[in-house]
Amino acid sequence: MTPSGRPDHLEVITVITSRLNSLDHRSARVAAALLAVLSLVAVSVLTATTSAAATPTSTLVAIRAASHPGYDRVVFELTGPLPSRRSVAYVPQLLADGSGLPVPVPGGAVLRVVMSWATGHSSSGSVTYGPVRRTYALPSVLAVVNAGDNEGVLTFGIGTSTATAVSVMTLTSPSRLVIDVRHPAVTEKGSVALLDSRRYATGRTPYVVAVPRTLTRPANAVSALHLLFAGPTAAEQAAGLRFVSSRATGFTGLSISGGVAKVRLVGGCASGGSTFTVADHLTATLRQFASVRWVKIYDPSGRTESPLGTVDSIPLCLEP
C-alpha cells in the first residue's frame, strides 16, 4: 500500500494476475490487455524513481559574501557533491521559478545563479541556509535573493551595483560555488538614510540616521537609492535600523535639475497610515548631494501632489 492507503501499481497487477484464471475467455482477454498496460506504467514509475534516487542531490547550508581587494566574493556552501549543473549570468530581470513573476532585486544589475541537482530545504520544509533575502552592501554585491527551490533546482539573484566582470569557480571539502564580482571602476563614500526604530518608538528625533555606503560613480545618486532599497544588513537590523518600503519595490527615472530631484516609485505605494514612509528615506538620502535641495516623489502611475515649483512633494498614497 502507498502511504495514503491506496494500492500501488504492483499491487493492482498482482490482484489482476491472481484472478485471471477465474475469468471466462473473453473477460480474460480484456484483463490481460489491462495487465499489459499497467505493467508498462509500473516499469515507467520504477525507472523514474530509480533514476531520481540515483541522482545525487546537494543541500545548500550557507551563503556568505565579503569584499576583497578589487572584487566581492559570494560563496554558496553545500553538503554532498557539487551540483551537476551550474550557471551564472546577468539577466535583465529575475523571474520566480514556477510562477514566472518578477522578483525584486536591488541594484543596477542582476546576476542569476542556478544550481541543480540541489535543494535549500530539509525534509520538513525548513530552509537550510538562513534568510532567503539578505543585504551585504559591499562595493559590488548589494543583496542575494532566492527565486526558487523546486524539483532539485535552486535559483538566486545577486543584486550588484553595476554589471562588472564575473568569475566563477568551484571548491570541494566542503562543496562550494564561488562567484567573484569585480568592483566598479570608480567609487566614492556616501550614505543611505535608514530608520532608527528604537528612536522612533520613543519619539526621539531625528528618526533617520546616515549609514555609510560605497557609491558607484558617476551615477552616485542612483547608486545611493539602489543601496537604500537593499535595506539594512543583518548587523544593522540587529541594531534596530529599518527600511520602510511603503510597498514600493524600487524606483525609476531619477533626475536632478535646478536643485530638484525627481524619482518615481516602482511596485506599490501605501503609507499604511504611518507618518513615516519611504519618502523620508528618499528625501534624506538624496539631500546628501549638494545638487539636491528639493525632492519630488511620484507614485508608480507618475503622480505627485506638487509637481511644479521648488518644493518637496509626495504622492497622495504616502499621506498618513
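The structure is a predicted model, in which local features need pLDDT of at least 70 and side-chain atom pairs count only at pLDDT 80 or more, whereas totals for chains, interfaces and linings use all residues. Residues are numbered from 1 along each chain as its sequence is written, and side-chain values use heavy atoms, with hydrogens and water left out.

Rings of Phe, Tyr and Trp (its six-membered ring) were paired if their centres lie within 6.5 Å, with planes under 30 degrees apart counted as stacked, over 60 as edge-to-face and the rest as tilted. This rule gives 6 aromatic pairs. One of them is the edge-to-face pair of Y129 and F156, at 5.4 Å centre to centre and 75° between the planes. The two residues are 27 apart in the chain: Y129 lies in the loop between β5 (118-119) and β6 (133-135), and F156 in strand β8 (residues 153-160). Strands are DSSP runs (E, at least two residues), numbered from the N terminus. Y129 is buried at 6% relative accessibility, and F156 is buried at 0%. Ring pairs join Y129 and F156 with F76 in a cluster.

Y200 and Y207 also form an edge-to-face pair, because their ring centres are 4.9 Å apart and their planes stand at 85°. Y200 is partly exposed, at 30%, and Y207 is partly exposed, at 25%.

T216 belongs to strand β12 (residues 208-216) and is buried, with 10% relative accessibility. Leaving aside residues up to four places away in sequence, T216 contacts (heavy atoms within 4.5 Å) P139, S161, P184, V186 and S223.

Key. Helix = DSSP H or I, 4+ residues; strand = E, 2+ residues; numbered from the N terminus. Buried < 20%, exposed > 50% of the residue type's maximum accessible area, 1.4 Å probe, protein only.
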